[in-house]
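This report goes through a protein chain in plain terms. Please look at the sequence and the model before reading on.

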Amino acid sequence: MLHGRQRECTLIEELLAAAGERRSGVLVVRGEAGIGKSALLGYAAERAGDMRVLRGTGVESESEFPFAAVHQLLRPVAGLFDAIPERLGAALRGAFGLGPAGGEDSSQGGDRFLISLAVLSVLAEAAEEGPLLCLIDDAHWLDGASAGALSFAARRLDAEGVVMLFATREEVPGLPDLTLSGLDPPAAGALLAERCHVDLPAAVRDSLVASTAGNPLGLLELPGSLSADQLAGREPLPERLPVGAEVEQVFLERVRRQDQPTQTLLLLAAAEDSGELDVLLRAARSLGVDESALDIAEKAGLIRITGRTVAFCHPLVRTAVYRGATFWQRRDARNALAEALDGDADRRAWHLAAAALGPDETVAAELHRSAERARQRGGHAAAASAYERSAVLTAEAGRRGERFTDAAEAAWQAGLPGRAATLLDRAATLVATPPARGRLEHLRGSIEGSSGELTSAFAILVGAAEPLARLDPVRAARMLTEAGQAAWLAGDVAGLHEVARRLADLPVPDAAVPLSAQLVLGLDSLLSGDLTTAVPHLRDAAARAAHGADPRAMMLSAAGATFLGDDAVAIGLFTTAIAGARSAGAVAMIPPLLAPLSSLQAWTGRYSAASASAAEGLRVAVETGQEHPAAHLRSVCAWVAAVQGQEEQCLAYAEKAHAHAMSHRIGPAAGIASWALALLDLGAGRPESAADRLEALATAGPGESHPVVRVFSAADLVEAAVRTGRRDTAERARDRLRSWTEATGSAWGRALLHRCHGLLADPSGADRHFTAALAAHRLGGRPFDTARTALLYGEILRRRRRRNDARVHLRAAHETFDRLGVPGWAELARTELRATGETARRRDPGTLRQLTPQEVLIVQIVGEGATNREVAAQLFLSPRTVDYHLRKVFTKLDVSSRADLIRLVAQSDR
């Protein structure tokens, strides 16, 4: 019976009831040792009724074995591995050592996310037969791979009928939690009375409750350490009673009351966390311990035996046993277990490593091989630990440095940049050869470029590439290309020029230079004014990428197409790259791809799609610790909110994006965030503020904005400057746009340039330029810009009293703004129309705008002809969740078939 946990029990019962209605739920039960977390999980199991229950437990000494806890949880449903998509099933078998490990994606961390999606898929399949309850105890001891996979799955549960309960001492970011405190005095007193089978004197009861702060385990265990006279109040209680972590000492004293063979067996069980009885008995025999010690330990209430598995009665017993042993006792136990595990190379390696007294190349090599196997299975966090321990056990300095570098690379792939940087620092003083040094600095530069300072990343990569120019020119080319990316993001034109010069000097045949290097050369030429060279380079890169399969190359080439104003080409490349990354399970690639794609979707008027892309990208970026792409994605959210007149959302997104971008000198994100605020001002009738913001953006230094953003926002600066009488500013902005447009030949660029000329021209010139602008807009594919040009021209015509002519353009502007779902701008057009004597109708919201971002993403992929399973795999959801959202979409959009939905998507993209 649980005392004093009515609120917590009610919450668990609500989750279980919701699962019966196919609504999934997750709860992290958090609190100190002994506070009652495991008891609440036990309560959930009791109340589960006919629900299937799966259990997993984190074990401190097992935290180095990748996917150990997930394997434990899913072992009862292993027969469902064949029911999920083949690629996911293969990844899961490889992770559990049931099939070939790794694959072409494993070196980039791809398998880690495939396995996470596979875990979600298996849980969804298991719930097909009925609601499912997953209990994960001691989650703070989960191995890194299991923790990542289970939290990934938990965040994506929706309509499967799965309940996941975690018990942990630590917070699990992104998951709802319930923090347990001690029992109140009445509940604590009831628990004591139940434990002691008598009513304790009030003074004794109150003293025990106060000393334990209501900790249930303390209340249960302390009476056993007190005499009958102390419990009866005839003798005083000890001056200091063990509480909190000191409850561990109570367990240790109980252990030490056992004979030595039993203590030895308990130490073996504490060190070998698999719980396999056969392994434990083999190790015990090698130390001269008889099997009868098992019975003694079980009768003492320290362990329990179920079938061929041994488990401790409480996790703190294991901890007390292991920590209470001497170093030599632990070493003997580890050696005995290593001998007993002769057929399990990974566990054997870790036990030998724990027993090593100093450098030992034999053990180091065995542990290094274990790390390789962990990496191939996608267990990068575990691989990092194994590589690191292998390095510590390595005597020769150069090899030790290379193994620390291996550990750093695995930590980076596990999404642990801080740990990776620390490991690189340890390796830096040890590696001696130029190739080893180059590999180390390449990794350091990559980490810095993704989560640190772009200027530092540039300096590291360029400096480290120099010695490799002759030794390993292909790696040098990759490093210089990454340096070029950092320089581009930071707006460092001189740095980009330096990278391009070095790339051109590399002794590498053209075919060996990565496609991204060609992009760097093109970008340098573009920003350096050599437009004749730049445009062919960038267009050729986009054409070559379209026939490739490398998402990174496509991403960079799509960026080049964006900068040339080739919207359709860029969107096509980004979409293909994202599909490839989703198919490969390369989750880490999703945010850097969705950030520029969502920008393009916003600029081309696909606001539902842009919001959906940005929301998904931001969620994944936060999950994987990618703050630089997260800033870009927030700036896009701010831009869309600005256009839609959502001032509060725009300000919140822009402030957070701008703060991160400015502190790390990420020019594009900072520039788009500033542009968003200026657009918000323009739409709200605040041209003075808009002009101030855009003028500051146009003159901002490297890292505070970006040349491309300055060009793309130039037409808005012209409008704001004209409205506020800043003609010189407007002409400079127009000239900047003209230089870029003449170089690229962009259709929408020509349209905006004509609009700018029209705003600055006399009446006859305005007519000519606005007419040319509207004609060019028909080829440009940016409806928001088209409507704004029509609005501006209509406004000018109305002021010139040409009301009939003005109505034509104002009516077109209003209809487009209404269709796009930008009410503030639609109201501006409606106001101008009223001034001409005409009243505009309000239209119903567009169909896709009725959907949530998640539903929009699902609809888009279904619109490409994907099945529910294919959609689920691409969006890292379960098929049942996709089916649930599709049913809601069909109701909202009043369609009855997938064919109708596909037609609707096609129409909305026109």
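Arg723 is partly exposed, at 40% relative accessibility (buried means under 20% relative accessible area, exposed over 50%, partly exposed in between, with a 1.4 Å probe and protein chains only). The side chain of Arg723 meets that of Glu795 in a salt bridge, at 3.0 Å from N to O. A salt bridge here is a side-chain nitrogen of Lys or Arg within 4 Å of a carboxyl oxygen of Asp or Glu. Glu795 lies in helix α42 (residues 783–799) and Arg723 in helix α38 (residues 714–723), so the pair ties together parts that are 72 residues apart in sequence. Glu795 is buried, with a relative accessible area of 12%.

A network of salt bridges links Asp716, Glu719, Arg723, Arg788, Glu795 and Arg799.

## About the model

This is a predicted model, in which local features need pLDDT of at least 70 and side-chain atom pairs count only at pLDDT 80 or more, while totals for chains, interfaces and linings use all residues. Residues are numbered from 1 along each chain as its sequence is written, and side-chain values use heavy atoms, with hydrogens and water left out.

## The whole chain

The protein chain has 48 helices and 7 strands; helices (H or I, at least four residues) and strands (E, at least two) are DSSP runs, numbered from the N terminus. Buried residues make up 56% of its 910 residues. Along its principal axes, the C-alpha trace spans about 105 × 65 × 55 Å.

## Arg439 and its two partners

The number of salt bridges comes to 56. In one of them, the side chains of Asp406 and Arg439 meet at 2.5 Å, N to O. This pair links distant parts of the chain, with Asp406 in helix α20 (residues 397–413) and Arg439 in helix α22 (residues 434–451), 33 residues apart.

Arg439 also forms a salt bridge with Glu409, where the closest N and O atoms are 3.2 Å apart. Glu409 is in helix α20 and Arg439 in helix α22, 30 residues apart. Asp406 counts as buried at 14% relative accessibility, whereas Glu409 is partly exposed at 32%. Arg439 is partly exposed, with a relative accessible area of 21%.

## The buried side of a helix

Which residues of α28 are buried? They are Ala534, Val535, Leu538, Ala541, Ala542 and Ala545. These residues cover an arc of only 135° around the axis, which puts them on the same side of α28; the arc is that of the directions from the helix axis to the C-beta atoms.
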